[in-house]
Amino acid sequence: MAAYVAGRLIRAVPLLFGLSILIFALVHAAPGGPLTVYLSNPNVRPEDIARLERLLGLDRPLYEQYLGWLSAFARGDWGFSYVDGRPVLERVLERAGGTLELMGSAYALALASALVLGSLAALRPRSIADSLVSGASIVGISIPTFWLGLVLQLVFAVELRLLPTAGRMGVAGEGRLAHRVLPAATLSSFYAASWIRYIRASLAATLARDFVRAGRARGLSETRLLVRHSLPNALFPLVTVLSLDFALLFSGAVVTETVFAWPGMGTLLVDSVYRRDYSVLMAILMVGSVAVVVSNLAADVIYGWLDPRVRVARSEAA
Amino acid sequence: MSRPALLVLVLGFACSGPRKPTPPTNELLVIGYDREPDTLNRFSTHILEDTMICISEGLTVWNEKMEAVPVLAEVVPSPENGLVRVLDDGRLEVTWKLRSGVRWHDGEPLTSRDVAFTVQTINDPSYNPESTEGFDLIESVATPDDLTAVVTYKRIYAAYQDQFWRGALPQHVLAGKNLNAFPEYDRRPIGTGPYRVEEWRTGEYLLLTRNEDYWRGAPAIGKLLFRFIPSSNTRMNQLRSGEVHVVDNVPLDKVDELEGIPGVEVSRTMGNSYAHVALNLREVPAFRDLRVRQAVAHSIDRRAIAEDVLEGVVKVVDSVIQPMSWAFNPGVTAYGYDPARARELLKEAGYEDRDGDGIVEKEGVPLTFAGTTRSGHAEWEMVLQVLQAQLKDVGIGMEIRNYEPTLLGELWFSGKLPFFLSAWTLPADPEITLFYASDRTPPRGRNIYYYENEELTRLLYSSDQTVDRDKRKALLFQAQEILAREVPEIPLYNRTIVSAFPKTLRNVKPNPTNAGLFWNVHEWELGAPAVDR
């Protein structure tokens, strides 16, 4: 197993290397650059811009800039932000906590609600409950995140005044849980809605299988049959979806963070895109790429851990 | 989680009931702010001034009537008070007398050496300030005593009064430092202002706390909390829920949402900013014909845009200099809404719809071009759509092509936009040379019209080198008339500054310049809750 994971990690290196070239090219292909903002001052002259470009190394050929970035990045030097001159690592780290907190809460919330509602629908196929859950999941998948966020704000913060509208906490650090409710609910809605459909389908299929009927014949309680026997089998194919979606959750976090003024990497990414803060953009996108690679790997490892057959097949193939 | 714990949690939420947001008090005022500053160094920042002006003061500031008034300076220098002299060789000498008894937040006195240090720093090629305007014309700064700085310009610089509106840099803190990246100062600057930084939590808020030793006396409000809320919808929601107390620069398409929020005063102030359409004579050859430019102007119903689209929040203007400026010319030529006249002018210029497709053409070439504004800016996107319909009505085809801000900046400043709807906040000093002088096309300036007019150019340069305000006014009056008559740019409306703040907040004086709402924050005070109207 260790050898398998190590092998996968080694194979990830050229992948990340290729990705870094692609990301670097894309980031620099966007029109404008970190200095465009200086142009908004009408008195900045072309020679000022040229001087700044020289100072920041932006006048060097792109491949040289890339190699410079790569060798520094590999040594753990993420460079400095073009916007405020602070170390990129510091800027990314101070936002990482916010994003992980939001993504973690949303993930847990999505998983819990999908499990409950998906099971409910699967246990009573074609019932009113099933129709309601299926309908809700279609709505959940279709509603744009930003719109849902604003509606939740209007209902729960402006009208009912039960929860704060936006932000991560009060000035004294209070109300962190309350501040998290609306953004986490907003971010989780799409994933909960799509997972409900997987869980419903998978559980319905599992419930129709022979071992369930055999268990029922042996007199197992329905609860035990569901929780101990059917659900684990039904969730099995979902491991891949659930692991891959964790990395994808970040794209939803970008929108959610903006709507809720949440201090995370999503808002930092948006700001950095507008300011063409190349060094911060590279760092966030590389962190994102690593997260996708790792969650892919995690999917495989968890799968193998849960299902010995996969491990056997791997060792035979190897 | 154990069952009792869960029960307690659920009960807790249920019993907590409706939240009571903190009302605005003299202890804490919460401001919903649309973006986070990049740095609090006023000379480096690319973000508007609001937060910084509470911390660092200028030698002068523009008041609510757009007049320069002294802050750290004793008086605003002028030829009348003898502090401004044109030397025999054509150089300009401006003497700044500093107020005595002003101290930096760390207790050090403010001196003329700080002013000299500031000029030297801005002109140091290793520093990237936001602007070097005027500073690059300064030849020397003499400091005969602690409170006198004599600034000598290489030539006459008419906007000398505004030279130090950003104030001064503290020499004792910054000498020998790399100011491009000096987080200790950028994030916690030493100023002379009524507030100092207590905490800046990145991505969340900036908390300012009262300077008890402020030279004009400690301000009434103890803490100002600027919350960074980029989404304008969310900002409005927070204002409605009472979580924020002040929102400035309310987007014009959101003004109607503000009506009827209890306890909230909505003020509308004319801004030193106007929406306009720039016609690019280089990109669209048809615009080189005055008749075509006039036809475009006549086809636009500005009143309908101001009254119907923007619901009367804004006022139509005809000149590039705005009404609150001393240089404003109220009597310039205006091309009113007259589609029939527009069609006539097009016909005179040789443009007629011969193939019946609804678009006029000349020698087989249809009169079409791309129209651009900033994408995501609801107000301008809406107005551009209206312009498209109005132009179509007289047979001019405009295809909308909007861009996000950074890309737009690139295209704008390289002069590649054929028909561009935008607005900018002008400097308080009416120096407009950069935009309209013939030799100031990109990259040497902002003449993105590629409009050339010798007389206009002469008038503008003369104005820049004239110290006498009456003479300068006469020159700028003529320049405004030429621009209005020749319409390389069509002024649409003055951009009203809409601010929302508590009805109980006293002494708020909304400011038309980019000194912003907080320019007199030291005078603000929350009174007894007023009875709602």
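How many bridges pair β4(B) with strand β5 of chain B, and in which sense? I looked this up first. The model is a predicted one. β4(B) and β5 (residues 92-97) pair in the antiparallel sense, over three bridges.

Val84(B) stands opposite Val94(B) of β5(B). The hairpin of β4(B) and β5(B) has five residues between its strands. In that hairpin I found Gly90(B) with a positive phi near 95°.

I then followed β5(B) to its other partner. β5(B) and β7(B) pair in the antiparallel sense over six bridges. Lys97(B) has Thr148(B) in β7(B) as its bridge partner.

I wrote down the whole sheet. It is open, has four strands in the order β4-β5-β7-β6 of chain B, and its pairing is antiparallel. β4 (84-86) and β6 (138-145) are the edge strands, and each pairs on one side only. Neighbouring strands here are turned by 15° against each other on average, direction ignored.

Helix α3 (residues 112-122) of chain B lies across β5, β6 and β7 (148-153). Helix α3 runs at about 165° to β6(B).

**Entry: the six-stranded sheet of chain B**

I traced another open sheet in chain B. Its six strands come in the order β14-β20-β13-β19-β17-β18, with mixed pairing. β14 (315-316) and β18 (397-400) stand at the edges with a single partner strand each, so one side of each has no neighbour in the sheet. Helix α8 (residues 302-309) of chain B packs on this sheet and touches β14 and β20. The direction of α8 makes about 30° with that of β20(B).

I took one pair from the sheet for a check. β13 (residues 273-279) and β20 (residues 489-494) of chain B pair in the antiparallel sense over five bridges. Tyr274(B) stands opposite Asn494(B) in β20(B).

**Entry: helix α12 of chain A**

I moved to chain A and listed the buried residues of α12 (residues 265-275). They are Met265(A), Gly266(A), Thr267(A), Leu268(A), Leu269(A), Ser272(A) and Arg275(A). These buried residues pack against α2 (36-39), α5 (88-123), α11 (238-259) and α13 (278-306) of chain A. Just after α12(A), Arg276(A) takes a positive phi of about 50°.

At what angle do α12(A) and α13(A) pack? I noted about 140°, with the axes 9 Å apart. That angle makes α12(A) oblique to α13(A). The crossing is left-handed.

I listed the residues that meet. From α12(A) they are Met265(A), Leu268(A), Leu269(A), Ser272(A) and Val273(A). From α13(A) they are Val280(A), Leu281(A) and Ile284(A). By class, the contact has seven nonpolar, one polar and no charged residues.

**Entry: helix α1 against α13, chain A**

I looked at another partner of α13(A). The axes of α1 (residues 2-29) and α13(A) come within 10 Å and cross at roughly 150°. That makes α1(A) roughly antiparallel to α13(A). This crossing is right-handed.

The contact residues of α1(A) include Val5(A), Arg8(A), Leu15(A), Leu19(A), Phe24(A) and His28(A). Those of α13(A) include Tyr278(A), Leu281(A), Met286(A), Val293(A) and Val301(A). By class, I have 17 nonpolar, three polar and one charged residues in this contact.

**Entry: where the chains touch**

How many residues of chain B are in contact with chain A? I have 42 residues of chain B in contact with 43 residues of chain A. On the chain B side, the elements giving two or more residues are α5 (183-186), β10 (223-228), α6 (232-241) and α11 (405-413). By class, that side of chain B has 14 nonpolar, 17 polar and eleven charged residues.

Notes:
Residues are numbered from 1 along each chain as its sequence is written. Chains are lettered from A and ligands numbered from 1 in the order in which they are written. This is a predicted model: local features need pLDDT of at least 70, side-chain atom pairs count only at pLDDT 80 or more; totals for chains, interfaces and linings use all residues. Two strands pair if DSSP finds at least two bridges between them. Two residues are in contact if their C-beta atoms, placed from the backbone, lie within 7 Å. Axes are lines fitted to C-alpha atoms, for helices over the stretch in contact, and angles run from 0 to 180 degrees between N-to-C directions. A residue is buried if 20 or more other C-beta atoms lie within 10 Å of its own, exposed if 12 or fewer, and partly exposed in between; C-beta atoms are placed from the backbone. Ala, Val, Leu, Ile, Met, Phe, Trp, Tyr, Cys and Pro count as nonpolar, Asp, Glu, Lys and Arg as charged, and the others, Gly among them, as polar. Angles under 35 degrees count as roughly parallel, over 145 as roughly antiparallel, 65 to 115 as roughly perpendicular and the rest as oblique. A crossing is left-handed if the near helix is turned anticlockwise from the far one by less than a right angle, and right-handed if clockwise.
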